[in-house]
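Me: I've got a model open here. Can you walk me through it?

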Amino acid sequence: MNHQPAIKIVFWLILFLAMAGGLIYLRFDILDKINSAENIKKDINSYSQIYEGSNLLRSDINKIKPYLLELNNFVQTKDQLVNFNKDIKIIANQNQVSVVSNFSDEKESAQSGLKEIGVAINANGNLENLINFLKTIEKSNYSVKLNTLDFSQTDKEYKATLNGIMFYAEANQ
């Protein structure tokens, strides 16, 4: 019996199955490579957006650099508050007012994130000098929020009592 045609059929069948298996493997491999390429494309787009965002931030930083010193000095640090009593006395002397100032309790402001310390100031002098004294404090580098401001008069002299809080930032901000 001649098994030659059967061997040829089996050979071609094995060859066909091998090629079909190879094609299926190649299909899955190509799909995997396409998936990897799409992930790389997404990453590249993401990195591109991050790069563009960082360029915008660099540009914004360059725009604000001239103002950084002023911004850093806008709110005093706790270390700088040590000079407050001395500065108030200098302002009082310039305006011919006698003054006594004291600090009270400290806490963190929930609204601003800044620290705050209570301050009480008692000043004596004529009305015009007291008003000039208050205007000078208002223009100073200290961030003071007054809760109460009381004036009283005895003869020609006035007494001003100020109670409020001063804001300050931590030194490492």
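Me: Where does Q96 lie?
Reply: Q96 is in the loop between helix 3 and strand 1 (98-108). Helices (H or I, at least four residues) and strands (E, at least two) are DSSP runs, numbered from the N terminus. This is a predicted model: local features need pLDDT of at least 70, side-chain atom pairs count only at pLDDT 80 or more, and totals for chains, interfaces and linings use all residues. Residues are numbered from 1 along each chain as its sequence is written, and side-chain values use heavy atoms, leaving out hydrogens and water.

Me: Is Q96 buried or exposed?
Reply: Q96 is exposed, at 62% relative accessible area. Buried means under 20%, exposed over 50%, partly exposed in between (1.4 Å probe, protein chains only). Phi of Q96 is near 55 degrees, a positive value in a residue other than glycine.

Me: And what is phi of D155?
Reply: Near 55 degrees, again positive in a non-glycine residue. D155 sits in the loop between strand 3 (143-154) and strand 4. D155 is exposed, with a relative accessible area of 74%.

Me: New topic. Which residues touch the most other members of the largest nonpolar core?
Reply: F84, I88, V99, I121, F133 and M166, out of 20 residues. Helix 3 (84-94), strand 2 (115-125), helix 4 (127-139) and strand 4 (157-168) each give two or more residues to this core. Such a core is a set of buried Ala, Val, Leu, Ile, Met, Phe, Trp, Tyr and Cys residues joined through side-chain atoms within 4.5 Å.

Me: What does F133 touch?
Reply: I88, I91, A92, N95, V97, V99, I121 and A123, not counting residues up to four places away in sequence. Contact means heavy atoms within 4.5 Å.
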